[in-house]
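Me: Got a model open here. Can you walk me through it?
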Amino acid sequence: MSNQRYDVDVAVIGGGVTGCAVARELSRYDLKVCVLERTEDVCSGTSKANSAIIHAGYDAAAGSVMAKMNVEGNRLMDQLAADLDIPFRRNGSMVLCFSEEDMPGLQELYVRGVTNGVPNLRIISGDEARRMEPNLTDEVVAALYAPTGGIVCPFNMTIALAENACANGVEFHFLTEVTEIRKCEEGYELSVRETGERTNVPAGDSRKAESGDGADMSGETAADLQEAAAPDNNVVRILTTRFVVNAAGVYADRFHNMVSRRRISITPRRGTYCLLDQEAGRHVDKTIFQLPGKYGKGVLVTPTIHGNLLIGPTAADIGDKEGTYTTAEELAEVTAKSARGVKDIPYRQVITSFAGLRAHEAGHEFILGEPEDAPGFFDAAGIESPGLSSAPAIGIYLAKMIAEKAGAPVKKHFIATRKGIPHVAAMDRESRAALIAERPDYGTIVCRCENVSEGEIVDSIRRPLGARSLDGIKRRVRQGMGRCQAGFCTPRTMEILSRETGIPMEKICKNQPGSEMITGGA
Amino acid sequence: MQYHDIVIVGGGPAGLAAAVAARKAGISDILILERDNVLGGILNQCIHNGFGLHTFKEELTGPEYAARYIAQVEEENIPYRLNTIVVDITRNREVTYINREEGLVTIRAGAVILAMGCRERPRGALNTPGYRPAGIYSAGTAQRLMNIEGYLVGKEAVILGSGDIGLIMARRMTLEGAKVKVVAEIMPYSGGLKRNIVQCLDDYGIPLKLSHTVVDIHGKERLTGVTIAEVDENKNPIPGTEEYYSCDTLLLSVGLIPENELSKGAGISLNRVTSGPNVNDRLETEAEGIYACGNVLHVHDLVDFVSQEAALAGENAAEFVKRKASQAEADAAADGEKQKNAETAGERAAADRKRKKTVTAEERAAADGKRKKTVTAEERAAADGEWKKMVTASEAEEDAQPAHTDRRGHANGIPLIAADGVRYTVPQFLETDGMRDSVTVRFRVADVYRDRYISVYYDDQLISRKKKKVLAPGEMEQVVLTKKSLAEYPQTERITIRTEVE
C-alpha cells in the first residue's frame, strides 16, 4: 500500500531481536518497511549479550504487558523455531529457594505464574530438585519447576527473523543512525546519518538456503538511501515515513522523547556473565535461577543451546549507554553467587566473560504502542528481560496494530519459513559426505574448536544480510566461539571474509568501523 | 576400511620426527595427517633463529628446522595429506578425518601417534575485566598474521605474560617498527627461556614487570590502552599500583595447552598437570598402540627435545606394529594348523573360544603379579601430600590433583612420582619389561630454585643427585634412568624425582 508521499510506510529503528521480530511480522502485510540499524549488523546490542533463555513467564507482575508478552512469546517459540530454523530447546527452569523463611516468596512466584498462564508449574522439594539436578547444593530447600522454560541461540533467533523479514521485502540499512525525528503531516521525518558503507556481495553460488521460490533477496542493498559515491560520514539524509517503530534498546528513551512530552527514561542495567567450556556444559541441564532472598538477587546457571555453561548476570545501573565492559567486582560477584545454588562449577573452564546492557525502564514494564501525543509512533521500549522471550509476541502485537492503522492487507505470498546455515559437523555421516561432494569447502575445517567449515563461513557472508565482520561470522556460525577463542582461525577467517567481500585485509573489522584487526602490511 | 600401519596425527615437528623414525625402524606404510596447508606446524611462523642447536649443532630458523625434517619425509616418500583434519580417534585405532577432496573418511591404524601440538590460552581464560575490543591477540595468532600473512597487527603494544612466544613477539614487533611498551608477568619469575629475556627484551630496552598483570582493558572498538597493576603473593592486584599504558595492541602469552580433544574422544584420560596423556616409557598412552609425543604430551621449551621424544614414539610405534604382525602371523599359523584338524565350523569356533580364554587367563595372572608391586594408595597420597606442600600458592589451585591419578592401561608400570618442587614427569610410568637401556625423564619445576639438587629415588633409596645452580619453570629439565641401575633394585615400587636443598 505504498504511499507516494512517504519514502517508506514503516521505519523500524533498531535491528535487535525486537526490531527484527516487528519487521518480520510487518512483512506479512503489504507495507514498505525498512530497518535502520546504527551498527554494521543485526543483533549487535542487548540482543547479543543476555542469558539466551526463553523465560516461562512467572516473573513478571500479574496483568502486566510484560507477563502477557512473555507467556505468549514462550508459547510461540516452538513454531517459530521450526519455521525459521532457530536452535531452541525447552530444557525447563528451576527457581531455587534456600530457606524456609523464603518459602512464601516461592509460593508467590508460583501463584503469579499460574495467574500469568504459565503451564505445568510445580513446587518441588529440595530433594526432588537434587534428583533432577544432582549438582544443586544442599542449601536448596525447595524449587519452583517450570518445564516450559527454554534456551535459544539469541544470535540466530535475531538473524533468522531479520533474514526472513528481508526475504519478504524488508530493507535493512546498516551503519545508519537516526539523529532526529520530527512530526510531519500524518507521518514522521527522520534525519539519518550514514556512518559507513556496507559492502555488497553478490549472492554467488551460495546454497539456496531459503525456502520458497528464490525470492529476490537483494533487499539489503539500501539503494534508495545510499548514493553511488562513498558516503560522507557527516551527510544527513531525510527519510520520511508514515509510521515509526522505536525498538532502539537502551536508546529508546531518546527517540521517544523526541516526539512525546510524556517522557520516559531508560537506564542501562549492566549484566556481567561468564561463559564456560562445553566440557562444563552438562553441569546442569535446566536453567537454574535463585529466588531473591535475604542475600539479594542471585544469578542463573544454565546450559546454552550450544552446550556451554553460562553463569550470570549481575545487575548494575550505569549512566553509560555504551558501558559494556566488565569489572573485576562484577566478575567476582558472578562466581560467588552462582556457587550458592550449584556446586562444583568448574570456574577454571571459563572461556570468556562479557557484559550486556538491559534497557531498564523506570516502571519496569514494557512500553508498547503509541504515546497519546504521538500517533503513528510505536514504542517498543523498556524491553529488558524477558525481552528475548517476548520478542515473537511483541512483533505480532505491534505489527497487527500498525497494519490495522495503515489499513494494509495481508500479503499474498508471504514466505513463512527460512533455513539456517547447515552445521556440517552435527550432520550424520551420509549427509555430511553428500554436502562435501557438492560443496568441497564444507570439508575444510577452519574453526577447530567448534568444527566450523569454510563453507559455513562462506555461507554466513553470502547470505542476505550476510556477515561483514568477524563478530558477524561468529554469531552466525560460531567460528571462534570455542575454547581457543579464535586463536587459530582468526587469520584464516579474515582471509575468507576479505576474499568473499573484497574488503581489503586492513579494513577487516572485529565488528564496528574502528575495530580494524590489523594496522597495515608488515 | 583402509588400513595403515602407522597413522600420525599432526605434521608439525613431532609428527615429522616420529614419521622419519618409524620409517627408519622399518615401517613402510605410514600416513601423516596435517590440518594446515603445509607441513612443519607452528615452526613455519617461528622465523627467528635458535632452533636445532642440540639436533643439528647449528642455529636454524623455525622454517629451516622444519625443512630438514620435511626433506627427510620427502626422501623417504612418506605419504601425507594436507588440509586434512582428524575429527575422531577411537580406542581401537580407527581414525576419522575430513578434507575437501575425500570428504569424511575413516581408516584403521596399526598404531596411532598423537602429535597435535598445543594451543594458546586465550584472554577469556584469564577473565580480565574491561571491554572486548579488536587488537587483543594471543601472541601466536599475531605471529602468524605478521610472519606468514605479512600484516602488522599494531603500532603500540603491551604484552601480558612472558612465555617464549610473547618474548619473541616483543622483539618481532619492535623490528617491524612497533613500540613495545612493557611486558607484564603475573608470576614473580618469567615463564620463558632466559636467553629470550636477554635477546628479546633486554637488548631492546623493553621493560619486564614481574608480579604485574593487566587489570583493565580500554577502548570499545579498537584497543586504546590497558591498566597494569602489581599483584600480591596471591596474584591479587594491589590497589594504588595501577598504571595506564596507551596502546592499540595487547598480546597474550599466558600459557600453552596441549590440544587433547581427540585423545579425550578416544577415552584416554589426561594428566591434570601436563594436560597431556599419561604415558609409559615407550610414550604409549593408556590405550594400547596409541602413542603421544611433542607438545600434545607436555609443553616443551625447545623443539630439539620434541624431535627426540617424537623419534622415540615413532620407533616404539614401529616396534608395536611389528610385534603385532608377528603375533598375527603366529596366530594365523596356529589357526591354520587347528583348522586343518577341525572338521566343522562349530569345532573351529569352540577352539577359538578356548584359545581366547587361555590367553585372557594368562594375561590376567601376569597382570595380577605385577600389580602387587605397585604402590598402595596411601603411599601415593603421602607422596602427593609432600609434593603439595612444595608447590607455590599460585600453582596450588591449578595443580590441585597429583600427577598420577589414572592408572588404567599402565597397571604393569612402576609409577614415577614428581615431588618437592618437581611438577610432573613424562613418562609417568616405567615398564621394566622391554625397557630400553636408558630412559629420559623430562619434567619442569614449580618455582625458581637456586642451588638445589635434582634427586632420583628408587623407593627410599637415593640413586642419583645432580646439583643445579638455577632451576626455573620456563626450562624443561631431565634425568636419565638406566636399565642397569634399575636391575640392581628389582623390587622397586616407585621412582621419585624431587628437588632437594643441601
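Reply: Ground rules before anything else. This is a predicted model, where local features need pLDDT of at least 70, side-chain atom pairs count only at pLDDT 80 or more, and totals for chains, interfaces and linings use all residues. Residues are numbered from 1 along each chain as its sequence is written, chains are lettered from A and ligands numbered from 1 in the order in which they are written, and side-chain values use heavy atoms, with hydrogens and water left out.

Me: How many residues of chain B are in contact with chain A?
Reply: 48 residues of chain B touch 51 of chain A, counting heavy atoms within 4.5 Å.

Me: And how many salt bridges across the interface of chain B and chain A?
Reply: The rule finds four. It wants a side-chain nitrogen of Lys or Arg within 4 Å of a carboxyl oxygen of Asp or Glu. B:Glu259 with A:Arg448 forms a salt bridge, closest N and O atoms 3.5 Å apart.

Me: Which strands join chain A to chain B?
Reply: Strand β23 (residues 520–521) of chain A and strand β11 (residues 151–152) of chain B run antiparallel, joined by two bridges. Strands are DSSP runs of E, at least two residues, numbered from the N terminus. A:Gly521 has B:Tyr151 as its bridge partner.

Me: New topic. What is the strand order in the open sheet of chain B?
Reply: β22-β21-β27-β24-β25, five strands with mixed pairing. Two strands pair if DSSP finds at least two bridges between them.

Me: Which are the edge strands?
Reply: β22 (429–430) and β25 (461–471) of chain B, each pairing on one side only.

Me: What is the bridge partner of B:Ile414 in β22(B)?
Reply: B:Leu430.

How values were computed. Helix = DSSP H or I, 4+ residues; strand = E, 2+ residues; numbered from the N terminus.
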